Structures are given as structure tokens and as C-alpha cells.
Amino acid sequence: MKASEIRGLDTKELLERLETEVAKLQQLRINHSIAPLENPSQIKSTRHDIARIKTELRQRELNK
């Protein structure tokens with residue numbers, strides 16, 4: 001997910017997307033602890049997506 005895509009979403013959609021990404025990250029970590037993932041860089045990309053979403057939410061909060 002790119003930053004430009006994140007900016008195009010409204011706040012409610014961002015909060016929903018944040019919840020799904022956090023759940024996805026938890027599931028990836030659990031799966032990786034049981035058996036190695038085929039592509040462990042998914043964990044890193046998911047963490048970066050979460051950070052992008054949180055950054056955008058914080059910027060919107062400060063601009064109010």
C-alpha cells in the first residue's frame with residue numbers, strides 16, 4: 001500500500017484498515033513461529049503499512 005492510496009481514504013476506512021493490518025501482522029507472526037513463512041518479508045511490509053496508516057491518522061489529528 002502506498003502513501004498516496006492511504007491519503008485517498010477517509011478516517012473511518014483508515015481505522016478499519018489499521019485493524020485488519022494489525023490482525024494480519026499477528027497472524028503472520030504466529031504462522032512464522034510455527035513454520036517458516038515462504039516470504040518472511042511480508043512481516044516487514046505489513047509493519048510498514050501499519051506505520052504509514054498511523055502516520056496519516058496522526059497528521060489528520062494534528063491538522064484539525
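## Basis of the model

The structure is a predicted model, in which local features need pLDDT of at least 70 and side-chain atom pairs count only at pLDDT 80 or more, while totals for chains, interfaces and linings use all residues. Residues are numbered from 1 along each chain as its sequence is written, and side-chain values use heavy atoms, with hydrogens and water left out.

## Overall architecture

Helices are DSSP runs of H or I with at least four residues, strands are runs of E with at least two, and both are numbered from the N terminus. Helix 1 covers residues 3-7 and helix 2 covers residues 11-34; helix 3 comprises residues 41-62. Along the principal axes, the C-alpha atoms fill a box of roughly 45 × 15 × 15 Å.

Of the 64 residues, 25% count as buried. Here buried means under 20% relative accessible area, exposed means over 50%, and partly exposed lies in between, with a 1.4 Å probe and protein chains only. The protein exposes about 5000 Å², of which carbon and sulfur atoms supply 50%; accessible areas come from the Shrake-Rupley method with a 1.4 Å probe, and for residues only the protein chains shown count as cover. Contact means heavy atoms within 4.5 Å. Among contacts between residues at least 6 apart in sequence, 65% join residues at least 24 apart.

Side chains of opposite charge can pair when their charged atoms come close. The structure holds three salt bridges, each defined as a side-chain nitrogen of Lys or Arg within 4 Å of a carboxyl oxygen of Asp or Glu. Arg52 pairs with Asp49, their closest N and O atoms being 2.9 Å apart. Both residues lie in helix 3, three residues apart, about one turn of the helix. Arg52 is partly exposed, at 35% relative accessible area, whereas Asp49 is buried, at 11%.

Arg60 forms a salt bridge with Glu56, with 3.0 Å between the closest N and O atoms. Arg60 and Glu56 are four residues apart in helix 3, again about one turn. In the remaining pair, Glu61 and Arg58, the closest N and O atoms are 2.7 Å apart; these two residues are three residues apart in helix 3 and so are separated by about one helical turn. Arg58 counts as partly exposed because its relative accessibility is 45%.

## Buried residues and their contacts

Ile53 lies in helix 3 and counts as buried because its relative accessibility is 0%. Not counting residues up to four places away in sequence, Ile53 touches Met1, Ile6, Leu14, Arg17, Leu18 and Glu21. Ile53 and Leu18 are 35 residues apart in sequence, yet their C-alpha atoms are 6.6 Å apart in space.

Glu56 is also placed in helix 3 and is buried, with a relative accessible area of 11%. Leaving aside its neighbours within four places in sequence, Glu56 is in contact with Ile6, Arg7 and Leu14.

Glu21 belongs to helix 2. Glu21 is buried yet has no salt bridge, and the nearest side chain of opposite charge, Lys24, is 4.5 Å away. Apart from residues up to four places away in sequence, Glu21 touches Thr46, Asp49, Ile50 and Ile53.

Lys and Arg count as positive and Asp and Glu as negative, with His and the chain ends not counted. The place of a charge is taken as NZ of Lys, CZ of Arg, CG of Asp or CD of Glu. The mean positions of the 13 positive and 10 negative charges are 6 Å apart.

Asp10, Glu13, Glu16 and Glu19 form a negative surface patch. Patches are made of residues with over 30% relative accessible area and no salt bridge, like charges being joined within 9 Å and nonpolar side chains (Val, Leu, Ile, Met, Phe, Trp, Tyr) within 5 Å. Asp10 is found in the loop between helix 1 and helix 2 and is partly exposed, at 41% relative accessible area. Asp10 and Leu57 are 47 residues apart in sequence and 9.7 Å apart in space, C-alpha to C-alpha.
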